[in-house]
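Here's a quick briefing for anyone meeting this structure for the first time. Have a look at the model, then read on.

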Amino acid sequence: MATDTLTTAPNQLRALLEQGGLISMPCCGDALSATLIEQAGFSLTFMSGFAAAAHRLGAPDTGLMSYAEVLDQGRNILEAVSIPVIGDGDTGYGNPLNLQRTLRGFAKAGFAAIMLEDQVAPKRCGHTRGKAVVEREEAFDRIRAAVEARDDDADILILARTDARALLGLNEAIERANRFRELGADMLFVEAPETREELATICREAPGIHIANMLEGGVTPILPPAELEALGYRIAAYPLTLLATAMQAMTEALDALKAGRHPQRLMAFPELRRRLGFEAYDATAADYGPNRATGSKA
């Protein structure tokens with residue numbers, strides 16, 4: 001039987017982008033957060049490197065996770081959901097040939113797109129200190145290598161990110177974004193603009209499909225979805241909203257237990273079981289073994 005190519009993750013993402021309007025994209029770090037995003041009705045998610053490092057290592061997003069660890073974390077997420085997932089490919093984990101291997105690995109795993117950036121390895125969160133970007137030609141070589149691998153044998157979209165704004169200024173970031181698009185990147189991500197005016201300038205001076213990074217506490221202002229759409233953005237990413245919410249809730253619960261109180265803000269146990277799939281599991285398990293449902297089948 002022939003595979004229905006319309007159901008592939010890259011084609012799902014292409015269809016979403018063709019619909020127009022702004023896509024709100026909460027980001028995940030593990031299979032549980034991805035599952036909750038899909039259950040909430042969102043059509044797209046992103047495996048955040050920051051969140052993945054937190055969930056898997058309990059460590060900062062400073063390039064500590066290896067390619068194999070990131071891919072393994074991604075596979076767990078992809079197996080848990082049916083909505084398309086964009087994967088954080090960082091700097092590609094080496095030279096352009098390493099980057100091509102990374103892209104092919106992400107494509108085979110089932111990611112809809114891969115984000116690749118122009119930071120110096122080991123990379124850092126775009127809103128933290130200590131990051132640096134590579135020279136233009138090295139940045140362009142990364143995207144050129146990614147496009148060649150994609151066009152050769154990998155069905156995956158490329159999200160090209162630049163962190164040049166914080167280090168070299170907005171004009172340099174826009175010039176890099178324009179060159180990324182010319183080289184064949186499908187989507188653009190200019191990280192860490194500092195004002196609404198800068199957000200507007202990016203879409204105006206670097207035509208393309210842009211992602212806005214709405215990181216609470218970061219340097220970019222948090223704008224309402226309708227305003228981002230009016231500025232020209234197609235995707236609004238919320239990279240740490242779920243992680244920050246979960247960590248705050250967990251620390252509050254631990255503080256209560258330490259003080260001899262029982263936490264009050266808990267998901268009801270039946271709801272927790274339902275969201276984790278116990279009911280569906282039990283219903284299927286009833287068809288097998290001693291608990292098999294009786295009755296003849298046509």
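Helices (H or I, at least four residues) and strands (E, at least two) are DSSP runs, numbered from the N terminus. What you're looking at is a predicted model, where local features need pLDDT of at least 70, side-chain atom pairs count only at pLDDT 80 or more, and totals for chains, interfaces and linings use all residues. Residues are numbered from 1 along each chain as its sequence is written, and side-chain values use heavy atoms, with hydrogens and water left out.

**Around Met267**
- Met267 sits in the loop between helix H11 (241-258) and H12.
- Met267 counts as partly exposed because its relative accessibility is 46%, and that label covers values between buried (under 20% relative accessible area) and exposed (over 50%), with a 1.4 Å probe and protein chains only.

**Inside the structure**
- Searching the whole structure turns up 2 cavities of 30 Å³ or more; a cavity is a set of points, on a 1 Å grid over the protein atoms alone, where a 1.4 Å probe fits but cannot get out.
- The second largest cavity has a volume of about 100 Å³, volume being the space filled by probe spheres set on the points, which are joined across faces, edges and corners.
- It has 15 lining residues, and Gly49, Ala53, Asp61, Met65 and Asp90 are the closest to its centre; lining residues have an atom within 4 Å of a point.
- Helix H3 (residues 49-57) gives the most to this second largest cavity's lining, with 4 residues.

How values were computed
1 Å grid on protein atoms, 1.4 Å probe; cavity = no way out; pocket = protein on both sides within 12 Å on 5 of 7 lines; lining within 4 Å.
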